[in-house]
Amino acid sequence: MEGMDELLGSMTIELKRGVLTLAVLSCAKSPQYGYSLLQTLTDSNLVVEAGTLYPLLRRLEKQGLLSAQWSTDESRPRKYYLLTESGVEVYNKLLDEWRTLNLNIENLMEESQNGDN
Amino acid sequence: MEIIDRYIYAVTKYLPSNTRADVAKELRSNIEDMLPDGYSLDDAKKALTSLGDPSKLASEYSGKRHFLIGPDYFDKYLHVLITLVPIIGFVSLVVSAVNNSSWNGTIIDILTNGLIPALSGAFTSIINTSFFVTLFFVIVERMHHIHEWSVDSLPTIPDTEMKRISIAEPILAISFSTVVAYIICFKSQIIAIYTSVAPETMQRLPFLNEARITHYTPVIIILTVLIIAIGIWQIITRKWTLPLAAANCASGVMNTAFIIWFLSDSSIYNHFNNTQFLSLMDKRSVIVAVIIVVAMIGLIKSSLAGFKSASR
C-alpha cells in the first residue's frame with residue numbers, strides 16, 4: 001500500500017499547512033526568531049519544514065501581521081518577529097474561525113458515525 | 001563555511017535585489033542556529049539537505065505566480081497554435097518553394113535550390129508564428145484579471161455532432177485557397193510545360209499570360225479574403241448556422257462563377273510553338289470543363305451540407 005501511504009502523507013501535509021499560519025501567529029505573541037519558532041512548533045508535535053516556515057514569516061511581515069527587528073544583542077545577529085496590532089486582531093479572528101471549524105467538523109463526524117450505527 | 005555560502009547564493013540568486021540581502025542574512029542566521037558550535041562539513045550538509053531544494057525555497061520567498069502561460073489560458077493557447085501552425089507552415093512552404101527556386105539547371109539543382117529554401121522558409125515562418133502566438137498569450141495571462149469569468153460568458157455547446165464543423169475543413173480551405181490565389185496572381189509562370197532545350201538546362205513555357213492575369217488579381221484577392229473570413233468564422237463558432245451556411249453558399253457561388261469567367265477568357269492563355277504545349281492546349285476546353293464541373297459539385301455539396309446542418 002505504498003501509494004496510500006504517500007497519499008496520506010501529502011494530505012496530512014496539506015492539513016498541517018492549513019493551520020501553520022494560525023500556529024505561527026499564536027507563538028509570535030512574544031518575540032521569536034526563525035529557529036526558535038521551528039523548535040517550539042516541533043516540540044508541540046507540529047512538524048514543519050524549515051523551508052516552509054521561514055518564507056512564511058517574511059510573508060506575514062509583508063502582510064503587516066508581524067513586525068521584524070534585527071537584534072544585535074547576542075553573539076550573532078538574529079531577526080526577531082512579533083505580532084503587530086493588526087496581527088493580534090487577525091489572530092483572534094482566525095482563532096475563532098478555527099474553533100468554529102473544529103466544532104463543525106466534529107459534529108459532521110458524529111453525524112456520519114451515527115449514520116453508520 | 002563555503003557550502004553554506006553556496007546554498008544561500010543558490011536560494012537568493014534570482015530574488016529581487018531589494019530583498020536579496022535581507023533574505024540572505026536571515027537565512028544564514030537560521031542555518032547557523034540549526035548547527036551546533038564547531039560544526040563539521042557533514043553537519044552543515046545535513047542541515048542544508050533538510051532545508052531542501054534551494055529553488056523551491058526561492059519560489060516560496062518570491063511568492064509570485066511562476067507561469068509563462070497559466071492554467072487559465074494554456075488550453076486556448078495550444079488550440080490556437082495547433083490551428084495556425086499547419087496553415088502558416090503549408091502556405092509558406094509553397095510560397096518559399098515558388099519564390100526561391102531558380103528553375104534553370106539540372107534536376108538536382110532544382111531540388112536543392114527549391115526544396116531546401118522551401119523547408120527553411122516554412123520552418124522560419126512556423127517559428128515566427130509560434131513566437132507571436134506565445135507572446136500574445138503571455139500578455140493575456142498577465143492582463144487576464146481585467147476579464148472576470150461569469151456564468152453568462154460560457155460558450156454554447158455544439159448541439160449535435162451533425163452540426164459540428166471539423167477543424168480540418170476550414171484549415172484546408174484557407175490553406176488551399178491562399179496558395180492557389182497566390183500562385184495564380186503572382187507566380188502563374190510556374191504552371192507551365194518544362195522541357196529540356198539543351199543538356200542540363202530547362203526551359204519553361206507558362207500556360208497563363210501574366211499580363212492578362214493582372215486584370216483579375218483584385219477580384220481573386222477579394223474572393224480569397226472572403227474564403228479566409230468564412231473559414232475563420234467556421235473555426236471560431238465550430239458549428240453551422242443559417243447565416244454561416246448562406247455566406248458559405250454565396251462565396252461558393254461567386255468562386256465558381258469567377259472560375260467560369262476566368263477560364264473562359266481565351267486571352268489568359270499563352271501560345272508557344274512547342275508540340276507538347278500545343279497538344280495540351282488543344283485539350284484545354286476539356287480540362288476547363290472538368291475544373292468547372294468539379295467546382296460546381298463542390299459548391300452544391302458544401303452548400304447542401306451547410307444548410308442541412310444549420311436547419312437541424
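**Exercise 1.** How many salt bridges does the rule find across the interface of chain A and chain B?

*Solution.* Start with the ground rules. This is a predicted model, in which local features need pLDDT of at least 70, side-chain atom pairs count only at pLDDT 80 or more, and totals for chains, interfaces and linings use all residues. Residues are numbered from 1 along each chain as its sequence is written, chains are lettered from A and ligands numbered from 1 in the order in which they are written, and side-chain values use heavy atoms, with hydrogens and water left out.

Next, the criterion: a salt bridge is a side-chain nitrogen of Lys or Arg within 4 Å of a carboxyl oxygen of Asp or Glu. The rule finds 9 of them across this interface. One pairs the side chains of B:Asp22 and A:Arg58, at 2.9 Å from N to O.

**Exercise 2.** Describe the side of chain A that touches chain B.

*Solution.* Count residues first. Chain A puts 16 residues in contact (heavy atoms within 4.5 Å) with 15 residues of chain B.

Then take the area. About 1,600 Å² is buried between the two chains, and carbon and sulfur atoms give 50% of it. Buried area is the accessible area (1.4 Å probe) that two parts lose on being put together, summed over both. In chain A, the residues that lose the most are A:Tyr54, A:Arg58 and A:Trp70, together 37% of what that side buries.

**Exercise 3.** Which angle and axis distance describe the packing of helices H7 and H9 of chain B?

*Solution.* Helices are DSSP runs (H or I, at least four residues), numbered from the N terminus. Axes are lines fitted to C-alpha atoms, for helices over the stretch in contact, and angles run from 0 to 180 degrees between N-to-C directions.

Now read the values. H7 (residues 168-186) and H9 (residues 217-237) pack at about 170°, with axes 9 Å apart. That makes H7(B) roughly antiparallel to H9(B), a label for angles over 145 degrees.

Look at who touches. H7(B) contributes residues including B:Ile171, B:Ile174 and B:Ile184, while H9(B) contributes B:Ile220, B:Ile227 and B:Ile235, among others. By class, this contact has 12 nonpolar, 6 polar and no charged residues.

**Exercise 4.** Which residues is B:Leu242 in contact with, leaving aside its neighbours within four places in sequence?

*Solution.* Locate the residue: B:Leu242 is in helix H10 (residues 242-264) of chain B. Its partners are B:Phe307 and B:Ala310. Compare B:Ser309: 67 residues from B:Leu242 in sequence, yet 8.7 Å from it in space, C-alpha to C-alpha.

Key. Helix = DSSP H or I, 4+ residues; strand = E, 2+ residues; numbered from the N terminus. Parallel < 35°, antiparallel > 145°, perpendicular 65-115°, else oblique. Nonpolar A, V, L, I, M, F, W, Y, C, P; charged D, E, K, R; others polar.
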